[in-house]
Amino acid sequence: MNDITLQLKNVYKSYGGNGIKQEVLKGVDLIVARAEIVYITGPSGSGKSTLLNICGLLDNPDKGEVLIDNQSVNYKKACEIRLKKFSYVFQHHSLIKELNILENVLMVCYIMGLDKEKAITDSKLYLEKVGLINYIYKYPSELSGGERQRVAIARALVKKPEILLLDEPTGDLDVNLKNEIEELIYKLTEQEKITTVIVTHEIERIKKGSKVFKLDDGKLFLTTNN
């Protein structure tokens with residue numbers, strides 16, 4: 001079991017107040033192996049994003065356990081673990097509009113403590129990997145939706161994460177751009193052997209042969225995708 005990167009054990013999560021409580025996750029178990037790509041599906045409002053946030057230590061479970069590399073998470077160190085282990089790509093790219101593309105990616109390198117020369121080298125490398133090396137001095141407003149999401153992917157990968165979490169990463173794109181971004185994600189995560197968890201409601205777009213989990217009524221079930 002040493003190849004397990006991410007594991008959830010009997011995780012519960014509820015929201016609400018004033019005597020009204022909505023139980024979103026009801027004893028979820030999940031195992032993700034190193035360098036594996038898995039999908040989490042389910043209808044809108046089923047708790048997929050909540051589950052992904054707990055996987056990425058952006059939220060805490062009410063009950064249950066999250067393990068990273070077979071070690072139970074100490075939530076006092078959650079910020080440190082997130083910085084070291086995780087990257088995220090969301091449906092909305094969340095680029096800083098006042099910064100150009102290179103500067104948006106550089107921000108992550110500086111947070112990681114890289115010196116300026118290495119930060120610039122690494123940022124340009126990953127912008128080249130996503131096909132945007134000729135756009136580095138453009139601003140987000142000058143790019144298409146697909147190009148902005150490519151920047152978000154470069155920004156996520158430049159820190160060389162062990163685990164990449166993606167929440168509806170192609171949800172705002174048209175069909176052709178969805179295909180382009182999905183293929184880019186598959187290519188780069190497989191090349192760099194990154195453990196990858198993708199939340200999507202578009203079951204028809206899941207890569208054939210992938211491991212797929214469905215979240216239904218607060219429970220997570222392994223399905224097939226042949």
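This is a predicted model: local features need pLDDT of at least 70, side-chain atom pairs count only at pLDDT 80 or more; totals for chains, interfaces and linings use all residues.
Tutor: Let's start with a term: a cavity is a set of grid points where a 1.4 Å probe fits but cannot get out.

Student: What volume does the largest cavity have?

Tutor: The largest cavity has a volume of about 130 Å³. With a threshold of 30 Å³ or more, the count comes to one cavity.

Student: What makes a residue part of its lining?

Tutor: An atom within 4 Å of one of the points is what counts. For the largest cavity, 14 residues qualify, and Tyr39, Pro169, Thr170, Glu182 and Ile198 are the closest to its centre. Helix H6 (175-191) and strand S8 (195-199) each give two or more residues to this lining; H6 gives the most, with three.

Student: Which classes make up that lining?

Tutor: Seven of its residues are nonpolar, three polar and four charged. Tyr counts as nonpolar and Glu as charged, so Tyr39 and Glu182, both among the closest to the centre, fall on the nonpolar and the charged side respectively.

Student: Which elements supply the lining of the largest pocket?

Tutor: Helix H2 (78-85), S6, helix H3 (101-111) and H5 each supply at least two residues. The largest share, five residues, comes from S6. By class, twelve of the lining residues are nonpolar, five polar and three charged.

Student: What can you say about the second largest pocket?

Tutor: Its volume is about 180 Å³. Among the residues lining it are Ile68, Asp69, Ser72, Asn74, Lys77, Glu80 and Lys84. S5 and H2 each give two or more residues to that lining, and H2 has the largest share, four residues. This lining has three nonpolar, three polar and five charged residues.

Student: Why are S6 and S10 called edge strands?

Tutor: Strand S6 (86-90) and strand S10 (219-223) each pair on one side only. They belong to an open sheet of six strands in the order S6-S7-S8-S3-S9-S10, with mixed pairing. The twist in this sheet averages 20° from one strand to the next.

Student: How do you know that helices pack on this sheet, and which strands do they touch?

Tutor: Contact means heavy atoms within 4.5 Å. Helix H1 (residues 48-55) touches strand S3 (37-41), S6, strand S7 (163-167), S8, S9 and S10, and its direction makes about 160° with that of S7. Helix H5 (residues 145-157) touches S6 and S7, with about 170° to the direction of S6.

Student: Why is H1 described as mostly covered?

Tutor: Buried means under 20% relative accessible area. Six of the eight residues of H1 are buried, among them Leu51, Leu52 and Ile54. After H1 comes Leu57, with a positive phi near 65°.

Student: What is the order of the four-strand sheet?

Tutor: That open sheet runs S2-S1-S4-S5, and its pairing is antiparallel. Strand S2 (20-33) and strand S5 (71-72) are its edges. H1 packs on this sheet as well, touching S1, S2 and strand S4 (63-68), at about 125° to the direction of S1.

Student: How many bridges join its strands?

Tutor: Strand S1 (residues 4-17) and S2 share eleven bridges; in S2, Leu25 is the partner of Lys13. Five bridges join S1 to S4, where Gln7 stands opposite Leu67. Ser72 in S5 is the partner of Leu67.

Student: What lies between S4 and S5?

Tutor: Two residues separate the strands of this hairpin, and Asp69 in the turn has a positive phi of about 55°. Asp69 also lines the second largest pocket.

How values were computed: Residues are numbered from 1 along each chain as its sequence is written. Side-chain values use heavy atoms; hydrogens and water are left out. On a 1 Å grid over the protein atoms alone, a cavity is a set of points where a 1.4 Å probe fits but cannot get out, and a pocket is an open set with protein on both sides within 12 Å along at least five of seven lines; lining residues have an atom within 4 Å of a point. Grid points are joined across faces, edges and corners, and a volume is the space filled by probe spheres set on the points. Two strands pair if DSSP finds at least two bridges between them. Axes are lines fitted to C-alpha atoms, for helices over the stretch in contact, and angles run from 0 to 180 degrees between N-to-C directions. Buried means under 20% relative accessible area, exposed over 50%, partly exposed in between (1.4 Å probe, protein chains only).
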